[in-house]
Amino acid sequence: GVDITPVDLNSTFNSVEGQFPNYKSIDKTDFTYIEIDAEDRSPNEPENQLVLQLPQVNNFVQAKYLATRRLIQSREDLIVNVKLDYSGIQLVAGDVVRVQQPVYGWGPLPDNPSNPDKLFRVVQMAEEKSEDGNLGARVTLTEYNEQVYQNIDISDYIPASNTGISYRDW
């Protein structure tokens, strides 16, 4: 069985504030802001900002890259929960899997045998015992979109000299 849940519109992020200790300012907290363009939002979509703390990131380029990826991924709107037999135990979070479900048009269809499977990323996997005592897996998947991971051009932020912000240039 496949349990499909669309992401609630109120749970969809349309902006992100990334917080990180910037090495150029002696590890003081710095920020990066990204938001979805108005034309890419759903009608009547409420403002919903994600505050993302990145304590292991210490430069602007990495912080912006990760914040952008997290924001774009949050726009993918399908979450799938499946129970698998013992063969599903080999899955780990981060794996990309193919799902065939003809009811939803994923995978081969009678009128279109070459229809592609739907791709999902494993976000959570837990072993569980079934009623008959067999070991299986309960897996949570989120819709996978390769565009989330396409490279974007990010330049390092350098403040103007008259701002009073002291930055190391190394």
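Glu35 sits in strand 3, residues 28-35, where strands are DSSP runs of E with at least two residues and helices are H or I runs of at least four, numbered from the N terminus. This is a predicted model, so local features need pLDDT of at least 70 and side-chain atom pairs count only at pLDDT 80 or more, while totals for chains, interfaces and linings use all residues. Residues are numbered from 1 along each chain as its sequence is written, and side-chain values use heavy atoms, with hydrogens and water left out.

Back to Glu35: its relative accessible area is 56%, which makes it exposed (over 50%; buried is under 20% and partly exposed lies in between, with a 1.4 Å probe and protein chains only). Together with Asp37, Glu39 and Asp40, Glu35 forms a patch of negative charge on the surface. Patches take residues with over 30% relative accessible area and no salt bridge, joining like charges within 9 Å and nonpolar side chains within 5 Å; a salt bridge is a side-chain nitrogen of Lys or Arg within 4 Å of a carboxyl oxygen of Asp or Glu.

There is a nonpolar surface patch too, about 230 Å², made by Tyr65, Leu66 and Ile152. Tyr65 belongs to helix 1 (residues 60-74) and is partly exposed at 32%.

Conventions: Areas by Shrake-Rupley, 256 points an atom, 1.4 Å probe, with all protein chains shown as cover. Lys, Arg positive; Asp, Glu negative; His and termini not counted. Charge placed at Lys NZ, Arg CZ, Asp CG, Glu CD.
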